[in-house]
Amino acid sequence: MTDLVRRARLGDDAAFDELYERHVGRVYALCVRLTADPARAEELTQDVFVRAWRKIESFRGESEFSSWLHRLTVNLVLDRQRAEGRARARTRPLDVMLAPAASGPEGARWVDLERAIARLPERARVALVLYAVEGYAYREIAEAMGIAIGSVKAHIHRARTLLLEDLDR
Amino acid sequence: MREHPSEAELQDHGDGTPDPSRLDAVTSHLTECPSCRSHVDRVRVLMDDLRELPRDIQPARDLRPTRPATTPRPPLRERRRRNPDRRRWLAAAAVLVPLLAYSLVRLSSGTDRPGGAPAAGNPEALLEGEWIGRQIRSYEAASRDLQLAYRRRRQTLPASTADLVDAHLATVDRAIARTAASRDASHGDALVGQMLLARYEAKVELLRQAIDIGGER
């Protein structure tokens, strides 16, 4: 366990702020890709750090802090999606969140890809992001989403098919 | 192999996770079929692009949570473990101290508003109360929806498991009701609000685990 995490566990607010600075980009990226909604992703990112602040004492240092925070983020986003039961209307265009980083041909290429990911159906998008972007195994995705491994594979196949069609247009 | 492999087989091949029992057949087909070979290449490029997406995206605004300034985080578990009796004393104190303070304030001022309630002129306290209120509403909505999902899931659970979950839920619900009543009586005291949040969190977690029992719904 790093000294920063140890100090944050003991209630040092400055240490927790430093952890926020280091990890907010990663947490927000995950939230925005899983929800395809920048405003919703902001709410969830804030909630992730509130929960992390309240639960950090249960972090034992058996894994990296970033892995612990990543797991906490995925669980929170999937819990909320499960609780809401249906996709919420997007409140802000996705391009607002992508614009600052989309410079040059490389930037434009991944903006197209991010847009196509955002247009996927929710469960296909979640499965694909966890598998292809975040590097989860099928079994881990099945556990996180509460579905069978076969269903995870089906969601990923569907997502890839839709993405290829979308990018061809 | 004359027939084209299935779409799933081609995708798995492009993703580098082919079914070993079909590997030779699909590989041999790809050497003869430019169309399938091109499709596999497109899947391969897509997967590479997905893996290379930026890991970090900075949000447009500062999302640092406004942490309640007056509410310290609960003490570390290690500290509690050293003295198990201390936990019971803390629990008793958590109930008795606000009650005592409330009674003293009422006796001394003759008003209904205890000293710990968010005062109209204290913006920090108001902000904190608003934050807690928002969190509570969010937990209420989440637990309502999860409860509906649990009712469906309950029908497929063994009776003994369902009874156990129900008993735990009843305990958490009683604790929520008691804490919510205390929060009303204390005019939104922040510490009681935090206790209520912790109880809702326990309920949401319990429902989530109950829904996930067995790994599939």
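**Chain A and its interface with chain B**

Chain A exposes about 7100 Å², of which carbon and sulfur atoms supply 49% (Shrake-Rupley method, 1.4 Å probe). The model is predicted, so that local features need pLDDT of at least 70 and side-chain atom pairs count only at pLDDT 80 or more, whereas totals for chains, interfaces and linings use all residues. Residues are numbered from 1 along each chain as its sequence is written, chains are lettered from A in the order in which they are written, and side-chain values use heavy atoms, with hydrogens and water left out.

The secondary structure of chain A consists of nine helices and zero strands, helices being DSSP runs of H or I with at least four residues and strands runs of E with at least two. Of the 169 residues in chain A, 56% are buried, that is, under 20% relative accessible area (1.4 Å probe, protein chains only).

At the interface, 55 residues of chain B are in contact with 59 residues of chain A, contact meaning heavy atoms within 4.5 Å. The area buried between the two chains is about 5300 Å², with 51% given by carbon and sulfur atoms; this is the accessible area (1.4 Å probe) lost on putting the two parts together, summed over both. Ten salt bridges are found across the interface of chain B and chain A, each defined as a side-chain nitrogen of Lys or Arg within 4 Å of a carboxyl oxygen of Asp or Glu. Among them, Arg64(B) pairs with Asp17(A), the closest N and O atoms being 3.9 Å apart. Helix 3 of chain B gives the most to the side of chain B that touches chain A, with eight residues.

Notes. Buried means under 20% relative accessible area, exposed over 50%, partly exposed in between (1.4 Å probe, protein chains only).
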